[in-house]
Amino acid sequence: MLIHCLGVAAGGGYPQWNCACDGCRKARTAPENASAHAGLAVSGTGDRWFLLNATPDVHHQIAADPSLHPGPGVRDTPVAGVLLTDAEFDHTIGLLVLREGSSLDVYGTAPVLAALTDHFPVRDLVADYADFRWRAVHVGKPVDLDERLQVTAFATGSKPPRYVGHHAGPGEWETGYVLHDPVSGGTAVYAPTVPCWDEHVAEQVADADCVFVDGTFWTDDEMARQGTGDRPGRSMGHMPVSGPDGSARRLAALPARRKIYVHVNNTNPVLDEGSAERGELAKLGIEVGRAGMEVEL
């Protein structure tokens, strides 16, 4: 199983276009530290690739990764589908970018696909442009994507997108995916939204060889501290990295060979390689993702 990291930033990217926080200022002066939105590309064989979410940057993410380039035919593409972890704009706007006629399988839970039909009508918008096949996934039920790649969705949270609002019913609005190669036995987990490290999440990551997990905020009150907002991280569906109740302690205790934070907000100091917070993660054996990072399991 081959996994390519396409980006690591949370909503708005890094730097965020309208933000002058310390992190965004640094990213503008050192563009090599900037990052596209968080996303992965995964393949069992290296021939057909599946994107973990379709971000607003998807065009540039594909252009930056030779494995995803089209060919040998003029309109042949190795990108075969998209696995959606939720219905948020930052993870679905890219579906509109991928509308130029190629057939794609788009996987998501029933609430996610319903949101893209009734509230953010992506399904109708792309119908006249491309043959997207919408595939409902069910938590706990494996799906074979190719002979070397099996995925199983698991619930991470129940927070719907704000654009759905009071119309949202209960359901599996936020999911992670267990990615498994039945031939090599390798297993990876991708979970960009983790509001709480409960027993269910712990069970999914317990035996994984590689874990990509939510690293949105260093502290729960990070946005208030930096003057970028007043909402606590947990209210937005993201537990903090640091602290006695943070994810870093739990991540460090896992037997996984690689432990990688993704979906990192522009306000999070771990995006700065020279920060003390980044050093703390390194001591725990935890990495911060970056575009171009590759994992083979």
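Analyst: Two strands pair if DSSP finds at least two bridges between them. Helices (H or I, at least four residues) and strands (E, at least two) are DSSP runs, numbered from the N terminus. This is a predicted model, in which local features need pLDDT of at least 70 and side-chain atom pairs count only at pLDDT 80 or more, while totals for chains, interfaces and linings use all residues. Residues are numbered from 1 along each chain as its sequence is written, and side-chain values use heavy atoms, with hydrogens and water left out.

User: Which residue in S10 is the bridge partner of His-180?

Analyst: Strands of a sheet pair through backbone hydrogen bonds, either parallel or antiparallel. Strand S9 (residues 174-180) and strand S10 (residues 187-191) pair in the antiparallel sense, over four bridges. In S10, the partner of His-180 is Thr-187.

User: Which strands are the edge strands of the open sheet?

Analyst: The open sheet has seven strands with mixed pairing, in the order S7-S8-S9-S10-S11-S12-S13. An edge strand here pairs on one side only, which holds for strand S7 (143-146) and strand S13 (287-288).

User: Which residues touch the most other members of the largest nonpolar core?

Analyst: A nonpolar core is a set of buried Ala, Val, Leu, Ile, Met, Phe, Trp, Tyr and Cys residues joined through side-chain atoms within 4.5 Å. Buried means under 20% relative accessible area, exposed over 50%, and partly exposed in between (1.4 Å probe, protein chains only). Of the 56 residues in the largest core, those that touch the most other members are Ile-3, Phe-212, Tyr-261 and Leu-281.

User: How many residues does the second, separate core have?

Analyst: This separate core includes Ala-41, Leu-68, Leu-104 and Val-164. The number of its residues is 28.

User: Is Asn-53 buried or exposed?

Analyst: Asn-53 lies in the loop between strand S3 (49-52) and H2. Its phi is near 75°, a positive value in a residue other than glycine. With a relative accessible area of 2%, Asn-53 is buried.

User: What is the omega of the cis peptide bond between Tyr-14 and Pro-15?

Analyst: Most residues other than glycine have a negative phi, and most peptide bonds are trans. Pro-15 is placed in the loop between strand S1 (2-7) and helix H1 (22-29). The bond that joins Tyr-14 to Pro-15 is cis, and its omega is about 5°.
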